[in-house]
Amino acid sequence: MLLNSKGKHRRPSKAARIATLAGVTGAAVAVPLMGATNASAASVETWDAVAQCESGGNWSINTGNGYYGGLQFSQSSWAAAGGTQYASRADLASKDQQIATAEKLLDMQGPGAWACAGAGGLTNDGVDPGVNPGGSGQSESKPEQAQPERQAEQPTTRSEQREAPKVESKKTVTTPTGDKVKKGDGEYKVKAGDTLSKIAQKEDVKGGWSKLFKLNDDIVEDANLIFPGQQLHLK
């Protein structure tokens, strides 16, 4: 999957780049965005295959192109999936930590978050990889302090509503990592498991997910990352 957005999960795969250079229409969106399930998991062998396609299997790679580690995380996707509890960037984390974070991103966005999902045979097969993300990353002596995880669909408590300024509560929603993002004022309210592709198909948006992203680029910074509670314009 290739997305024309201000923030992407990872660089396009070699196969997609070759298809684009050859002038194949639609090659840039050969792998659609896919919705996540409630039990997303894949084996270590599967993640190894995806990493082999994404980065040549180099789990500590950093070429300076904005994508890091064996699974080529963008910084925004690494943070959104909770990777910063292990290391500031994916290439500074261990293989197990990168896989543990990838499992969360798989649960959030589905296999379509990786252009190499097909090459690696990545699916929501429910297989627990059994990795041990504890300890420090490959290049840092100690892990960064873990941030408490919060369910995206968990409603804000009454005490939190009282403490937060009324203006902010109307204009922002809370992400799974506790950060706040713009809420928007569109007619469609994002639900858990939604993706731009899924919404565009369900609501029959002309131009698909890319049109939906352009309509809402004032609140959606990364086309791979939308959050429950955000309100998107459909036209």
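Asp 48 counts as partly exposed, at 28% relative accessibility; this class lies between buried (under 20% relative accessible area) and exposed (over 50%), with a 1.4 Å probe and protein chains only. The structure is a predicted model, in which local features need pLDDT of at least 70 and side-chain atom pairs count only at pLDDT 80 or more, while totals for chains, interfaces and linings use all residues. Residues are numbered from 1 along each chain as its sequence is written, and side-chain values use heavy atoms, without hydrogens and water.

**Salt bridges**

- A search of the whole structure finds 2 salt bridges, a salt bridge being a side-chain nitrogen of Lys or Arg within 4 Å of a carboxyl oxygen of Asp or Glu.
- Asp 48 forms a salt bridge with Lys 95, at 2.8 Å from N to O.
- This pair links distant parts of the chain, 47 residues apart: Asp 48 lies in helix α2 (residues 44–55) and Lys 95 in helix α4 (residues 95–109).
- Helices (H or I, at least four residues) and strands (E, at least two) are DSSP runs, numbered from the N terminus.
- Lys 95 is partly exposed, with a relative accessible area of 26%.
- Arg 89 and Asp 91 also meet through their side chains in a salt bridge, at 2.9 Å from N to O.
- Arg 89 is partly exposed at 25% relative accessible area, whereas Asp 91 is buried at 4%.

**Trp 59**

- Trp 59 is placed in the loop between α2 and β1 (67–68).
- The relative accessible area of Trp 59 is 10%, so this residue is buried.
- Trp 59 and Gln 98 are 39 residues apart in sequence, and their C-alpha atoms are 8.2 Å apart in space.
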